[in-house]
Amino acid sequence: TFTTNYETMISNMRTTYPNADIFIFTQLPYSSNSAEKIELYNNVIRTTANKTQNCYVVDLFANSGINENNLSTFMGDRSAHPNALGMDKITETLINALEEKYLNN
């Protein structure tokens with residue numbers, strides 16, 4: 001279901017904005033034992049981006065520095081959502097991806 005829904009969402013974005021670059025984020029772990037499960041979803045996200053023209057992955061899971069060992073620093077208490085420090089890490093990761101795409105070409 002996730003694969004179909006995610007592909008439909010990206011397809012709808014591409015139809016609505018045919019010339020836009022689309023940046024999509026991988027998911028972050030949300031608990032100390034969630035990384036393996038999240039990686040299944042992230043593989044769908046990466047595969048969908050690879051099949052879609054001008055669609056780029058901002059790989060938060062691999063590149064943000066937020067991981068199972070430091071969730072209490074960057075995520076809200078017992079939450080899958082980032083706190084202020086986590087949002088800063090996500091922003092840094094997005095800026096790096098944008099710089100890589102638009103400034104290093």
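Arg-46 belongs to helix 2; helices (H or I, at least four residues) and strands (E, at least two) are DSSP runs, numbered from the N terminus. With a relative accessible area of 17%, Arg-46 is buried. Buried here means under 20% relative accessible area, exposed over 50%, and partly exposed in between, with a 1.4 Å probe and protein chains only.

This is a predicted model, in which local features need pLDDT of at least 70 and side-chain atom pairs count only at pLDDT 80 or more, while totals for chains, interfaces and linings use all residues. Residues are numbered from 1 along each chain as its sequence is written, and side-chain values use heavy atoms, with hydrogens and water left out.

Glu-39 counts as partly exposed, at 22% relative accessibility.

Through shared partners, the salt bridges join Glu-39, Arg-46 and Asp-59 into one network.

How many salt bridges does the structure hold? There are three. To see another of them, select Glu-7 and Lys-51, whose side chains meet at 2.7 Å, N to O. Glu-7 is in helix 1 and Lys-51 in the loop between helix 2 and strand 2, so the pair ties together parts that are 44 residues apart in sequence. Glu-7 is partly exposed at 30% relative accessibility, whereas Lys-51 is exposed at 57%.

Now select the whole of helix 2, residues 35–50. Its 16 residues reach 22 Å from the first C-alpha to the last, close to the 22 Å expected at 1.5 Å a residue; the expected span is 1.5 Å times one less than the number of residues. The buried residues of helix 2 are Ala-35, Ile-38, Asn-42, Val-44, Ile-45, Arg-46, Thr-48 and Ala-49. Against which elements do the buried residues of helix 2 pack? They pack against helix 1 (2–16), strand 1 (22–25), strand 2 (55–58) and helix 3 (60–63).

Move on to Asn-54, in the loop between helix 2 and strand 2. Asn-54 has a positive phi of about 55° although it is not a glycine. Most residues other than glycine have a negative phi. Asn-54 is partly exposed, with a relative accessible area of 28%.

Finally, colour the chain by pLDDT, the predictor's confidence in each residue, from 0 to 100. The protein chain averages 93, and 98% of the residues score at least 70. Confidence is lowest in helix 4 (residues 71–74), at a mean of 92, and highest in strand 1, at 97.

Note on methods
Contact means heavy atoms within 4.5 Å. A salt bridge is a side-chain nitrogen of Lys or Arg within 4 Å of a carboxyl oxygen of Asp or Glu.
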